[in-house]
Structures are given as structure tokens and as C-alpha cells.
Amino acid sequence: MKYVIICCTLIALMASIMPAQAYWNETGFPLEDHLVAQGTVNGSVYVGGGHGKSGVSAFNVPYTELLEVPPGDVKFARLCTGAGLLAKPDGGAIWLNMTLNGESLGNLTIRGKDDDNENVYIFDSAYGGWIWYNVTDRIVPGAVNNATLYGDAIYDADGKNLGWGTKYIAGIILVVVYEDPNKPETQYWIREGADYLHKESSYIAEKKNTTTTFPEADNSTCENATLYTVARGATNAISYNETLWVNGELAACNLAGDRNGRGLDINRTEITEYLRESGNYVTYERGDGSLNIGCAVLVLGKIEIIPDLTIRGVWM
């Protein structure tokens with residue numbers, strides 16, 4: 001079954017959509033620094049998406065995600081994609097063009113350490129990144145929305161590729177906050193970034209864990225608390241033992257459990273029993289491999305069961 005979370009809280013919070021100042025940061029971009037939306041609606045929150053596929057040989061194969069958005073009045077919507085983008089840390093370059101329902105969200109030229117796109121989070125030695133799009137005014141509610149990513153490497157004078165184009169795209173993710181007058185209130189927090197957990201290397205110190213908070217989250221105002229985590233885990237570790245802790249209590253293991261395609265997963269964890277009246281925080285630990293967290297969404301409410309939503313990833 002597909003679940004939608006509906007809130008019983010009576011607290012009214014102000015929603016905000018702050019533009020990201022991203023560019024490149026070797027150690028990543030902590031979720032704690034990027035609370036992009038927080039608020040309360042009569043409605044719910046949709047988190048959906050899918051995996052890219054491994055085995056694609058060309059740099060310019062489009063990737064499509066079909067996303068079935070529930071009916072309602074869209075108040076906030078964020079579309080993201082990412083994974084391995086650039087072939088070299090200095091001088092790497094690709095171009096990407098994300099389309100939604102046939103309309104371009106803008107051509108991007110991404111240039112690793114020299115990148116200046118405000119909606120791109122480049123991390124590590126500038127090989128990988130997350131890309132975010134504000135699509136609040138472009139989502140069609142109550143319908144299947146088609147997100148297709150086009151792109152290619154940029155080549156140097158000798159014909160050598162400076163990036164990977166769409167070859168190593170991990171997938172496409174959509175987060176939508178929508179109003180429905182027939183539903184009770186839903187309280188939500190949406191954090192984004194590129195929280196990069198990794199081993200020590202010759203150019204970067206080890207980072208084992210990261211912590212993020214959800215201000216004003218209160219277990220006395222809800223029946224159910226659900227945390228969605230969009231993360232890309234290692235695909236070559238000895239064991240996959242990433243963990244999620246809520247207020248110091250172990251809540252989930254193996255966060256990128258599916259690891260289809262390029263290692264992306266959307267982890268959905270019920271955390272009601274761990275929530276407090278105040279001071280709530282979550283901690284992610286990488287285990288033996290690496291873990292890159294692009295998004296964390298907390299929703300407080302009660303459970304309503306609705307029919308399954310079909311989401312399909314397609315390579316053309």
C-alpha cells in the first residue's frame with residue numbers, strides 16, 4: 001500500500017522557500033544548513049521517485065521518471081537529481097537540461113570546483129553532486145508528471161570527455177506539499193543539501209555521521225511521525241550498515257537498501273515512538289561505506305491508506 005500522512009496538530013507554522021547558495025564544497029552541504037520549507041497545511045506531503053540504471057554506455061541517454069502526484073492545490077514542490085557528474089576535479093564539465101511535462105527547467109552547464117549554479121551542490125573532489133529545481137508552479141496535481149533529464153559530456157580540444165552527462169544519474173526525486181480541504185492538517189519540515197559521509201582520504205578528513213534538527217516538532221500534537229530520507233549509499237562496501245538514530249535511539253538500518261541502478265534509495269521510517277515534545281534531532285551514520293544524503297522530510301500526522309501509486313523509471 002502507499003501511505004499518505006495527515007496531521008492532527010493545531011500549530012500553524014510559516015512556510016518558506018529559501019534559495020540555496022550551493023556551488024562546490026569538498027565536505028558537502030549539511031542538511032542542517034538548508035531548511036527549505038516548514039509549515040502546516042490541510043493536506044499532505046508526497047515523496048516519490050526512482051532509481052537510475054547501471055549499464056548505460058553513452059553519456060547522452062535521456063532518463064525519465066513518471067511521478068503520480070495526488071490531487072490538491074500544490075503549495076511547494078522540489079525536484080532533484082544527481083550522482084556522478086564530472087570526470088575530473090579541475091576542468092570537469094557537463095551540460096544538463098531537466099524537463100517537466102515537456103517544458104525545460106533550464107539548461108545547466110556544471111563545471112566542478114568552478115561551478116556557480118545556485119541550485120547545484122557539488123561535493124567531494126567535484127566528481128558528484130545534487131541538483132534541485134523549484135517546480136511549485138509546474139506540477140500538475142492529480143496526474144502523472146513526466147520528468148526527463150537530457151544531457152551530455154562537454155569535451156576538450158582532444159575530444160576527451162570532461163564529464164559523464166546522464167550516464168551515472170542516480171535517479172529523479174519529487175517532493176510535493178499539497179492542500180486538500182477534505183484532509184486534516186499536516187505539519188512538515190523539508191531539508192535538502194549534500195550531506196557527505198565518507199572515509200578519510202588523501203584530501204579530506206573522515207566524516208562518520210551528521211545530525212539535523214526539526215525545530216518545533218512536538219509528539220504531543222500528532223498520532224504519527226514519518227521521516228523520509230533520500231540517500232545514495234556505497235555499492236562496493238564490505239557490508240551496508242548505514243544507520244538512522246532519532247534522539248539517540250536506533251530507528252533504522254541499511255538506509256540505501258535497494259541500491260538499484262546507481263545506489264539511490266528513498267527510506268521511509270516511522271519514528272513516532274522516538275519523538276519528543278521538543279528538541280528533536282536525527283543522526284545519520286555511514287557504517288562501513290559512504291553515504292550521501294540529499295533530502296530529509298519529516299511529516300507529523302495520522303495514517304490514511306490510499307491506493308498504490310505507480311512510479312516508473314524509464315531510459316529512452
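Q: How many aromatic pairs does the structure hold?
A: This is a predicted model. Its aromatic pairs number four.

Q: What is the geometry of the pair formed by phenylalanine 59 and tryptophan 164?
A: The ring centres lie 5.8 Å apart and the planes meet at 65°. Planes over 60 degrees apart count as edge-to-face. The pair is therefore edge-to-face.

Q: How many residues apart are phenylalanine 59 and tryptophan 164?
A: Phenylalanine 59 sits in the loop between β4 and β5, and tryptophan 164 in the loop between β11 and β12. The pair thus links distant parts of the chain, 105 residues apart.

Q: Is phenylalanine 59 buried or exposed?
A: Its relative accessible area is 17%. Buried means under 20%, so phenylalanine 59 is buried.

Q: Which strands hold phenylalanine 123 and tyrosine 196?
A: These two residues form a tilted pair, 5.2 Å centre to centre with 45° between the planes. Both phenylalanine 123 and tyrosine 196 are buried. Phenylalanine 123 belongs to strand β9 and tyrosine 196, 73 residues apart from it, to strand β13.

Q: Which are the edge strands of the open sheet of four strands?
A: The order in this antiparallel sheet is β14-β19-β16-β17. An edge strand here pairs on one side only. The edge strands are β14 and β17.

Q: Which residue in β17 stands opposite tryptophan 245?
A: Strand β16 covers residues 243-246 and pairs with β17 in the antiparallel sense over four bridges. Opposite tryptophan 245 stands leucine 250.

Technical notes
Residues numbered from 1 in each chain as written. Predicted model: local features only at pLDDT ≥ 70, side-chain atom pairs only at ≥ 80, totals over all residues. Heavy atoms only, no water. Pairing = 2+ DSSP bridges. Helix = DSSP H or I, 4+ residues; strand = E, 2+ residues; numbered from the N terminus. Phe/Tyr/Trp six-rings, centres within 6.5 Å; stacked < 30°, edge-to-face > 60°. Buried < 20%, exposed > 50% of the residue type's maximum accessible area, 1.4 Å probe, protein only.
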